[in-house]
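Me: I am new to this structure. Please show me how to read it.

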Amino acid sequence: HFEIGGMHCGSCAAGIQMLLSTHDGIKSASISWDSKSGEIEFDDSKITIEGIQRAVSDIGYSAKVK
């Protein structure tokens with residue numbers, strides 16, 4: 001579970017979810033603007049928590065482990 005910062009609308013959540021779905025190692029991503037959070041299932045042999053945070057940060061948002 002991640003707390004996602006910087007979202008302004010549902011389109012922001014959809015964009016983050018789409019971005020994450022393209023990364024190798026991300027099995028699933030469900031981002032919610034309403035709760036400002038996301039559930040991200042990933043293969044830690046392919047991507048780290050820091051890698052997820054960096055990917056989200058690169059497009060202008062923040063991701064903090066809950």
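The dialogue below covers confidence, fold order and helix packing.

Me: What should I know about the model, and what mean pLDDT does the protein chain have?

Reply: This is a predicted model, in which local features need pLDDT of at least 70, side-chain atom pairs count only at pLDDT 80 or more, and totals for chains, interfaces and linings use all residues. Residues are numbered from 1 along each chain as its sequence is written, and side-chain values use heavy atoms, leaving out hydrogens and water. pLDDT is the predictor's confidence in each residue, from 0 to 100. The protein chain averages 96, and 100% of the residues score at least 70.

Me: In which order do the elements run?

Reply: Helices (H or I, at least four residues) and strands (E, at least two) are DSSP runs, numbered from the N terminus. Two helices and four strands make up the count here, and their order from the N terminus is β-α-β-β-α-β.

Me: How do α1 and α2 cross?

Reply: Two packed helices are described by the angle between their axes and the distance between the axes. Axes are lines fitted to C-alpha atoms, for helices over the stretch in contact, with angles from 0 to 180 degrees between N-to-C directions. The axes of α1 and helix α2 (residues 49-58) come within 10 Å and cross at roughly 130°.

Me: Which residues make the contact?

Reply: Contact means heavy atoms within 4.5 Å. Ile16, Leu19 and Leu20 of α1 meet Ile52, Ala55 and Val56 of α2.
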